[in-house]
Amino acid sequence: MSVVNSHTEAVEPNLIDYDALLSTFSWNEAYKDFDGLPNGGGLNIAHEAIDRHAAGLLKDHVAIRWIRKDRAAKDFTYHDLYELSNRFANVISRLGVGKGDTVFTLTGRIPELYVTAFGTLKRTAIFCPLFSVFGPQPIYERLSRGEAKILVTTLDLFTKKIKPVIERLPALQYVLITDTESHADKKVLSLPLLMAKESSTFTIPPTQKEDPALLHFTSGTTGMPKGALHVHGAVLTHMITGKLVLDFHPDDIYWCTADPGWVTGTSYGIIAPLVNGVTNIVDEAEFDAARWYSILQDHKINIWYTAPTAIRRLMRMNIDPAKQYNLEHLRLILSVGEPLHADAVHWGEDTFGVPILDNWWQTETGGIMISNYRNMPVRPGSMGKPLPGIEAAIAEISADSLSIITEPEKSGQLVLKRGWPSMFKTYLHEEERYQKCFRGEWYVTGDLARRDKEGYYWFVGRADDIIKTSGHMVGPFEVESTLMEHPAVAEAAVIGKPEPTIGEMVKAFVVLKPGNAPGEQLEMDIIAHGRKKLGPAVAPKEIDFVDSLPKTRSGKILRRLLKARELGLQEGDLSTLEQP
Ligand code: AMP
C-alpha cells in the first residue's frame, strides 16, 4: 500500500533530470551563486550562511527554531544569528583568537553551539564541535590533539568532563561557560557576560576558499582519532547538496536529527540549511519516538534527515504515525550513516507516503557524495548514484597503485576522484596518514561497494575494522587502549557485533593479567571502567575473557578473525596468523 502525500506532488524537485545535469554540471559555475565577502574579500561560510541573508529578504525569516527539552520553542531569525555571531566573533578576538586557532564546543544542542560555530568562522578560526555524550578520555584526546585554544561548554559538562583534565591541556587558554553569570577565574569565564559587553557588528576579515574552517575527528583502526580538516570552500558542496539532494525550497522547514559532534550534524545540521535560507529545526532532546513524531507534526516539517538506527527504532514501535499524527507536510525523508536496508525504504513509503532516500558520505568527504534523488527511481537498499560533480568508481587497490574495475556488480574499494570542494585537506598534524588515503588522483574511502549496470552503488562493508554503532564511528584502538588501563586487563581487542537496532554493538575480548580470574563481577567492573572513561556511546557492552588474542606474525591483532569466529563465519586467509 502506498499513502499519497499531497504535499509531495505540489513541489517540483530541484533536480529534474539527473543524467542531463551530470553532463553539464561544473563546480566553477556553481560558485557563481555565492555572494562573496564585500570588496572581493573572498568566501566565508558564515557570510554565505548568515550575513547575506540577514542583509536581504530573509532578515526576519526564522533561521533556527530551537526546541528545548521541555518542548518550548525559541526562534532565531537570520538577523538574530547575524548579531549573536558578530558578538561571539568580537568576544574571541578580544581573547586573542586569530586566524587558524581552534575553538571547540562541548555542549548539547543549545543555541550557543550555533552562535559559536558562526562566530568562530567569522573570525577565520577553526570550529570543532565535540559530542557531549563522550566520556572524559575521548574529549581530552580531541582537545589535546586539536590544540584547543578556546572551549565553549556548560557548567555541568565543565565540572564533570573538563575540570579533571584541564591541567593536561596547556594550549587551552579560556573556557567559556554558557550558563554562568560571573567569571570563575581568569581562565574560566562567563560567556553571557562577555557577549553582553561586545558590539553586535563585526567585519569578517578576507577569507580564501582554501582557509581552514572546520575540524572533525573521526576514528581510525590504528592510532588515535584523526582530525579531518575542512576549508571554507566546502560550503559549495553544502549548498549544492542542499539543493539537489535535500531539495530545499524557500520556506521549507527542515530537521536534521544528527548532533553537530558528528559531521552530519555540522554539514547538514548547521551549514547546508542556512546557506540555502530555510528554517532549521534543532531539538535539544535525545531520541524519543512520540516526541519525534509530534515535532514532525507540530512544526510542519517538510524535509527530515535522519539515520538508519533511528528508523529501525521507529519501525519496531507500535505506533502508526500516519494515523496518529498529521504529517501531511512531510515531503522528503533522507538517511545516512549506515546501510539503509530495503525493508526500511518500503516501510517509509508505506508509512509516510514518501520513500526514505539513502545517501552515502563520510567525515573526510565533508558532504553527500552518493545519493538517491527525489526524481530518480529508488532501488531499495542502494545508496544511489554520485552527486553531479562527483566521480566515483570501484577499484582494486594495492599499497601504491589502483586499478578501476569497470565491470558492473564486482565488489571493490569505493574511490572518489579528488578535487571536490568539501574534500578534507589533511589530517591535523598527520600529513603522512593523509597521503596514504590517496592513489594518484583517487581518494580511497575505506568502504567496499559495488556498482550495478545502471550505475547505482551498493554498500558491501568496511575494508577495515572500524565499528559503526548507533551510526557513530568507533575506532577499536581507542577503546582497546582505554580497556588496557584497567588494572586487571593485559590485552584487549574490540569488534563490532551485528545487532538489529544499533547496527553493531561494541564487543571486547580481554586477556587478563595473571592473578585475575574471569567472572561476572570483573566483566561488570571492566564495562563500568569503559563507560566512565569513554562514555556509553563508545564503551563495550559485552566482554569475553580469552587466554590469548589471534595476532599476525608482526603482532597486529586479527580483529577480523575474532569477528569471524564470533559470527560463525569462515575464517578466511590465515597465512599471517602467528601460531601459538
Ligand atoms: P562518518 O565518517 O562517521 O560519517 O562515517 C562514515 C562511514 O559510515 C562510511 O565510510 C561508511 O562506512 C558508513 N556509511 C555512511 N553512509 C552510509 C550508507 N548510506 N550506507 C552504508 N554505510 C554508510
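**Entry 1: terms and model**

I count a polar contact as a pair of N or O atoms within 3.5 Å; within protein, one must be able to donate a hydrogen and the other to accept it, and residues adjacent in sequence count only if both atoms are side-chain atoms. The model is predicted, with local features needing pLDDT of at least 70 and side-chain atom pairs pLDDT 80 or more, while totals for chains, interfaces and linings use all residues. Numbering runs from 1 along each chain as its sequence is written, and side-chain values use heavy atoms, without hydrogens and water.

**Entry 2: ligand**

I looked up D447 and found a polar side-chain atom 2.9 Å from an oxygen atom of the ligand. Q362 also has a polar side-chain atom 2.9 Å from a ligand oxygen atom.

I then checked cover. On its own the ligand has 500 Å² of accessible area (Shrake-Rupley method, 1.4 Å probe). The protein covers 95% of that.

Next came the shell, taken as residues with a heavy atom within 4 Å. I found 18 residues around the ligand; D358, N359, Q362, T363 and K468 come nearest. By class, eight are nonpolar, five polar and five charged. I read helices (H or I, at least four residues) and strands (E, at least two) as DSSP runs, numbered from the N terminus. β14 (356–360) and β23 (457–462) each give two or more residues to the shell. β14 gives the most, with three.

**Entry 3: T445**

I found T445 in strand β22 (residues 442–451). Is T445 buried or exposed? T445 is buried, at 5% relative accessible area. My cut-offs are under 20% for buried, over 50% for exposed and partly exposed in between (1.4 Å probe, protein chains only).

A polar atom of the T445 side chain lies 2.7 Å from the backbone oxygen of L414. A polar side-chain atom of T445 also lies 3.1 Å from the backbone nitrogen of D447. I listed contacts (heavy atoms within 4.5 Å). Leaving out residues up to four places away in sequence, T445 touches W360, Q362, L414, V415, L416 and R462.

**Entry 4: cores**

I took a nonpolar core as buried Ala, Val, Leu, Ile, Met, Phe, Trp, Tyr and Cys residues joined through side-chain atoms within 4.5 Å. The largest one has 95 residues, and L176 and Y305 touch the most other members. Helix α11 (residues 263–275) supplies the largest share of this core, seven residues. A second, separate core holds 47 residues, including V489, I526, A537 and I543.

I also listed partners of L176 beyond four places in sequence; among them are F88, V91, L95, I150 and L189.

Key. Ala, Val, Leu, Ile, Met, Phe, Trp, Tyr, Cys and Pro count as nonpolar, Asp, Glu, Lys and Arg as charged, and the others, Gly among them, as polar.
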